[in-house]
Amino acid sequence: MIKKNFKNFSISQICDSGQCFRMTEEGDRFIVIAKEHYLEIEQAGDEIKFDCSETEYENYWANYFDLGTDYSSYIGMIQKEDAYLERASQFGTGIRILRQDLWEMIITFIISQQNNIKRIRRCIETISREYGQKCETKNGKIYYAFPEAERLAMVSEEELRACGLGYRSKYIVKTARSIRDGEVNLQEIEKMPYPEAKAELMKLCGIGEKVADCICLFALHQMDAFPVDVHIKRVLEAQYPDGFPLERFQGCAGVMQQYIFYYDLNGGQ
């Protein structure tokens, strides 16, 4: 068990912020599955308990949760005149942008289209159980890694429909085969600047501008990505009729997007 203290960190807010769908609340702790990694995490105020070794914390989870970044500096960029964003940032002050796996985020946000968080989680858990690697914790708990592209490329559209993926099944099969066949190279995308990475992702079946922005933000940590869904669109129309000041938040626009999204999703006014 590793104990750390952090400001601007809330595991419950991160869990409900719409960026990660393999994070669940179980009693007084949260379970996080990322690739083949498994973590149980508890929080009381600023103290966070990570149930892992120091090596795994340093080599994986510290980076995954972006713990080396001072998020108060992002909040400090918000002008006092922007009352809405001030409220949103204080409401979701514990949100951080996770550094997640690119392949997993590609499929996750294809699944997320016209879907709700509960159902997205269920779909991802289903395909992980069906096609992902079976893993076991040190305490004997079984969990499943997210399936690799090569494995999903072998699955039929009908099999994915049986997992509850609906029309998205076609997109997932085509995308997995595009990756397997080298039509799009994920390792190259990881090296690209934001505009080029976004354009390359949009070559994949089922990925439009909004989904590509989500992938850029939540997998590639391209912090200038600013995904616009129905929640964000509604806020922008109501609060920023002349346009959101993206130029003011260069290098952290995606953080502001998350504050807005979380605030609007939870009934903020």
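**Sheet and helices**

User: What is the strand order in the open sheet?

Analyst: Five strands make up an open sheet, and the pairing is antiparallel. Strands (E, at least two residues) and helices (H or I, at least four) are DSSP runs numbered from the N terminus, and two strands pair if DSSP finds at least two bridges between them. The order is S1-S5-S4-S3-S2.

User: Which strands stand at the edges?

Analyst: Each edge strand has a single partner strand, so one side of each is left without a neighbour in the sheet. The edge strands are S1 (2-5) and S2 (23-26).

User: What kind of model is this?

Analyst: Residues are numbered from 1 along each chain as its sequence is written, and side-chain values use heavy atoms, with hydrogens and water left out. Local features need pLDDT of at least 70, side-chain atom pairs count only at pLDDT 80 or more, and totals for chains, interfaces and linings use all residues, since this is a predicted model.

User: How many bridges join S2 to S3?

Analyst: S2 and S3 run antiparallel. Glu-25 stands opposite Phe-30 in S3, and Glu-26 has Arg-29 as its bridge partner. The bridges joining S2 to S3 number four.

User: Which residue in the turn between S2 and S3 has a positive phi?

Analyst: S2 and S3 form a hairpin with two residues between them. The phi in question is about 65°, and it belongs to Gly-27.

User: How many bridges link S3 and S4?

Analyst: Strand S3 covers residues 29-34 and strand S4 covers residues 37-44. Phe-30 stands opposite Ile-41 in S4, and Ala-34 stands opposite His-37. The antiparallel pairing runs over five bridges.

User: Which residue in the turn of the S3 and S4 hairpin has a positive phi?

Analyst: This hairpin has two residues between its strands. The phi is about 55°, at Lys-35.

User: How many of the six residues of S3 are buried?

Analyst: Buried means under 20% relative accessible area, exposed over 50% and partly exposed in between (1.4 Å probe, protein chains only). S3 is largely enclosed by the rest of the structure, because its buried residues number five.

User: Which helix lies across S1, S3, S4 and S5?

Analyst: Strand S5 spans 47-50. The helix covers residues 54-64 and runs at about 80° to S4; this is H2.

User: How many of the 10 residues of H5 are buried?

Analyst: The buried residues of H5 include Trp-103, Glu-104 and Phe-109. Their cover includes H6 (117-131), H9 and H12 (209-218). H5 is largely enclosed by the rest of the structure, because the buried count is 10 of the 10.

User: At what angle do the axes of H5 and H9 cross?

Analyst: H5 spans residues 102-111 and H9 spans residues 168-180, and their axes come within 9 Å and cross at roughly 160°. That makes H5 roughly antiparallel to H9 (over 145 degrees; under 35 is roughly parallel, 65 to 115 roughly perpendicular, the rest oblique). The angle asked for is roughly 160°.

User: Which H5 residues meet Ile-120, Cys-123, Ile-124 and Ile-127 in H6?

Analyst: H5 and H6 pack at about 130°, with axes 10 Å apart. They are therefore oblique to each other. Contact means heavy atoms within 4.5 Å. On the H5 side the residues are Ile-107, Thr-108 and Ile-111.

User: What separates the C-alpha atoms of Lys-170 and Glu-157?

Analyst: Lys-170 sits in helix H9. At 36% relative accessibility, Lys-170 counts as partly exposed. Lys-170 and Glu-157 are 13 residues apart along the chain, and their C-alpha separation is 5.6 Å.

Key: Axes fitted to C-alpha atoms, helices over the stretch in contact; angles between N-to-C directions.
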